[in-house]
Amino acid sequence: MPPELLPAIALILFIASLIQGAVGFAFGLFALTFLTLLGLELTTSVPLLLTSGLAQLLVGVIKLRDHIQYPPLIKGTAIRYITLPLGIIALGYLTSTIDKSQIEQLVGALIFLIVLTQIIIRPAPQQNLHAFWTWLAFSASGFIAGMIAVGGPPIVLWVMAHEWTNRQIRSFLFASFLTTVPVNAVVLYLVLGDEILTPMFYGLAFSPLIALGSHLGVKIGHAFSTERLRSIAFGILAISSVSSIAGPLLH
């Protein structure tokens with residue numbers, strides 16, 4: 001990793017952790033976009049974000065631990081662990097006929113349509129959703145994470161459909177993303193081998209700065225109403241999905 005890029009990388013990770021601390025997600029979506037603009041390869045950025053993201057997830061979970069909804073967290077994590085390998089297998093088949101950027105475009109278009117539908121129809125959040133939606137959201141999250149390493153949007157949509165408080169929403173997102181770190185690390189090592197170790201070390205070195213950003217972000221996030229938090233989340237998802245659709249067209 002070029003030493004001259006380290007200050008810029010540190011700034012990107014700090015801002016990404018600040019955003020995730022405030023809204024409960026978007027660390028990877030924000031950081032990966034700007035790290036790519038810096039010229040880092042995915043084989044460097046993804047392991048870097050895995051270990052650097054660990055710090056901000058731990059801060060979020062610890063600070064909001066009393067608000068975590070554990071039964072759906074355990075069920076959702078089990079479903080994601082089942083479908084993530086299926087996504088990896090599907091990627092192996094699809095890459096022989098479809099480019100990875102095209103897969104990202106398809107997923108981005110689907111997420112954008114779902115967000116647009118939510119904004120137009122504005123369904124009232126429910127205290128409990130039918131089991132079908134839980135299985136659909138978390139299986140889709142695991143499957144998409146296996147294919148393109150971005151499985152957060154289905155979970156965000158599922159969480160935002162609940163009549164939960166600001167702290168319940170953010171705590172669930174922090175905890176849900178944290179539970180996938182071990183399996184992501186194993187998969188990365190099986191796919192990339194020892195080359196992930198150096199960027200993972202850099203990620204750990206950035207941890208104090210990222211923990212500070214997450215700490216400040218969590219405090220900022222307390223000021224948001226649940227409805228404002230929901231609007232911000234939909235906005236971030238819409239922007240990221242449009243980016244997935246338009247990105248390959250601009251290259």
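Where is the kink in H3 centred, and about how many degrees is it? I am working from a predicted model. I find the kink in H3 centred on Gly 53. I put it at about 30 degrees.

**Entry: length of H3**

I checked the span next. H3 covers residues 42–63, which is 22 residues. At 1.5 Å a residue, the helix should span 32 Å. I get 31 Å between its end C-alpha atoms, so the two values agree.

**Entry: H1 against H11**

I took H1 as residues 6–23 and H11 as residues 207–221. Their axes come within 6 Å and cross at roughly 30 degrees. I call the pair roughly parallel, because angles under 35 degrees count that way. I note a right-handed crossing for H1 and H11.

I then listed who touches whom. H1 contributes Ala 10, Leu 13, Phe 14, Ser 17, Leu 18, Gly 21 and Ala 22. On the H11 side I see, among them, Leu 209, Ile 210, Gly 213, Gly 217 and Gly 221. I sorted the contact of H1 with H11 by class: 11 nonpolar, six polar and no charged residues.

**Entry: H1 against H2**

I turned to H2, residues 27–38. H1 and H2 pack at an angle of about 160 degrees, and their axes are 8 Å apart. That angle makes H1 roughly antiparallel to H2. I record this crossing as right-handed.

From H2 I list Phe 27, Phe 30, Ala 31, Phe 34, Leu 35 and Leu 38. They meet H1 residues including Ile 9, Ile 12, Leu 13, Ala 16, Ile 19 and Gln 20.

**Entry: H8 against H11**

Which residues of H8 and H11 make the contact between them? I started with the geometry. H8 is residues 166–179, and its axis comes within 11 Å of the H11 axis. The two cross at roughly 150 degrees. Angles over 145 degrees count as roughly antiparallel, so I file H8 and H11 that way.

I find Asn 166, Arg 170 and Phe 174 on H8. I find Gly 217, Val 218 and Gly 221 on H11. By class, I have two nonpolar, three polar and one charged residues in the contact of H8 with H11.

Notes
Residues are numbered from 1 along each chain as its sequence is written. This is a predicted model: local features need pLDDT of at least 70, side-chain atom pairs count only at pLDDT 80 or more; totals for chains, interfaces and linings use all residues. Side-chain values use heavy atoms; hydrogens and water are left out. Helices (H or I, at least four residues) and strands (E, at least two) are DSSP runs, numbered from the N terminus. The expected span of a helix is 1.5 Å times one less than its number of residues. The bend at a residue is the angle between axes fitted to the seven residues ending there and the seven starting there. Axes are lines fitted to C-alpha atoms, for helices over the stretch in contact, and angles run from 0 to 180 degrees between N-to-C directions. Angles under 35 degrees count as roughly parallel, over 145 as roughly antiparallel, 65 to 115 as roughly perpendicular and the rest as oblique. A crossing is left-handed if the near helix is turned anticlockwise from the far one by less than a right angle, and right-handed if clockwise. Contact means heavy atoms within 4.5 Å. Ala, Val, Leu, Ile, Met, Phe, Trp, Tyr, Cys and Pro count as nonpolar, Asp, Glu, Lys and Arg as charged, and the others, Gly among them, as polar.
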